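Please go through this model with me, strand by strand and then pocket by pocket.

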Amino acid sequence: MVLSNMYDDWLKSISSYTAFSRLILLLRAIHVNNEKAKIILRPNKNTITQPHHVWPTLEDEEWMRVEIALRDLILADYAKRNSVNTASLTSSEIRDIILGMEIQAPSVQRQQMAEIEKSTEAAAQVTAVQTRTTNVMGDEIQVVTTTAYEQQVFSSKTDWRIRAISATNIPLRLQHVYVTNDDVKEELPTFVLAKNVMKAFVTAADLRAPAAAYLYGQVAPDNSRVVEVKAVVVVPQRSTQRSVELVNELPSHPLLADLKVVGLITTQAQETQSLSPADATLFARLMAQHSEIDGSSIMLTVAFTPGSLSLSAYALTPKGFEWGRTADPNSPAGYNPASMVDRAQLLLSDRILGSSFAPVGGVWNYSTGLGAAFSPTMPYSVTLVGQPMRYWDELHRPVHFTSFVASADDGLEVDAEDAFA
């Protein structure tokens, strides 16, 4: 074993502080220009490096000349890169440059100081802004504000108007649909989803809040390893930004008698590498409540990626089922997708046509104004529809139209665009 000291034998003639400063200077010079630094460290051909030493063996006077040359090398490199004169640098700036700090050129510093002073002068000027508004009683109010803080307008990412307008662009994303079939579990069957039912469900959803529906299908008559998904059934539900709550009872309809529940389809605001803990918990609890949903069923996620859709199919393992049926949907503690979730193969097909079902009356979304009317035990019945009612349909948000009707009765002028946007 060979032991080396970065200080060599310097501490015999100088203090530890001086040795540390010399070492920093050496390392910095080698980093700036390796070749020139090596030449400076060997002032003549007789300079040698003793065994088990890192640096050349020099006398104290020679080290003083080497340190000055290394300092000049570092400063010359800085002056060349920043187009400054080394004579204009202060001692503190020289120290910071040698230590490796990024010091701006004096001209850049003066420019930044001038910009800060200019912005301070502009902020000191008082500008009065007069705003005329009308309150809910019809009284006209004039407000004068003098600071930028008073002139700021509150905006929220959850503004329902912006979300409702954004949801109208979902059909454009259907032109680019991507299906993830990497690392699929070969023991699971292949699920073939009718493209028309997928489009009907996705068009009725929201970009931010998740929506869910049951998938119904049957085994293909010519291949027992293929499951054809032929129906999507939207049931009453209430969702938040992260999770969705469904009614306890499974849907029933004469047209669904020959089909079985093969899974659940949900939407999500962004794509994930695996099944999210909230979706795993929802699927596991539905499996625990209903014997019709077995281990071969899948959880199909539709992620709204930029300008497109991304579809992925997952199945829970027994370990994932045991974790999900008792876990907290808002806490991923103990969740391990590698051992709790398997990916199933999914295909989209135009050759098979499916059907869409929705509750009688069309109302299925209780998140935008009907939350008080939702209950997991509420009774409902479904019917065949061509297109489920959209997430932001006026029947799903009657509260948004109440203020418009009330103001119209009072004879106030109301912008119709704001009311129905």
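Q: How many bridges join E1 to strand E2 (residues 140-145), and in which sense do the two run, parallel or antiparallel?
A: This is a predicted model, where local features need pLDDT of at least 70, side-chain atom pairs count only at pLDDT 80 or more, and totals for chains, interfaces and linings use all residues. Residues are numbered from 1 along each chain as its sequence is written, and side-chain values use heavy atoms, with hydrogens and water left out. Strands (E, at least two residues) and helices (H or I, at least four) are DSSP runs numbered from the N terminus, and two strands pair if DSSP finds at least two bridges between them. E1 and E2 run antiparallel, and the number of bridges that join them is six.

Q: Which residue of E2 is the bridge partner of Gln130?
A: Gln130 has its bridge partner in E2. That partner is Val144.

Q: How many residues of strand E1 (residues 129-134) are buried?
A: Buried means under 20% relative accessible area, exposed over 50%, and partly exposed in between (1.4 Å probe, protein chains only). E1 has six residues and is hardly covered. The count of buried residues in E1 is zero.

Q: Which element gives the most to the lining of the largest pocket?
A: The largest pocket has a volume of about 980 Å³. Of its 39 lining residues, the closest to the centre are Pro210, Gln241, Arg242, Ser243 and Ala278. On a 1 Å grid over the protein atoms alone, a pocket is an open set of points where a 1.4 Å probe fits, with protein on both sides within 12 Å along at least five of seven lines, and lining residues have an atom within 4 Å of a point. With eight residues, the element that gives the most is H10.

Q: Which side chain does the side chain of Ser276 make a polar contact with?
A: Ser276 sits in the loop between strand E9 (260-268) and helix H10 (277-289). Ser276 counts as buried because its relative accessibility is 19%. A polar contact is a pair of N or O atoms within 3.5 Å; within protein, one must be able to donate a hydrogen and the other to accept it, and residues adjacent in sequence count only if both atoms are side-chain atoms. At 3.1 Å, the partner side chain is that of Asp279.

Q: Is Asp183 buried or exposed?
A: Asp183 lies in the loop between strand E3 (177-179) and strand E4 (190-194). Its phi is positive, near 55°, in a residue other than glycine. Because its relative accessibility is 74%, Asp183 counts as exposed.

Q: Is Asp8 buried or exposed?
A: Asp8 lies in the segment before helix H1 (16-32). Asp8 is not a glycine, yet has a positive phi of about 50°. With a relative accessible area of 12%, Asp8 is buried.

Definitions and conventions:
Points joined across faces, edges and corners; volume = space filled by probe spheres on them.
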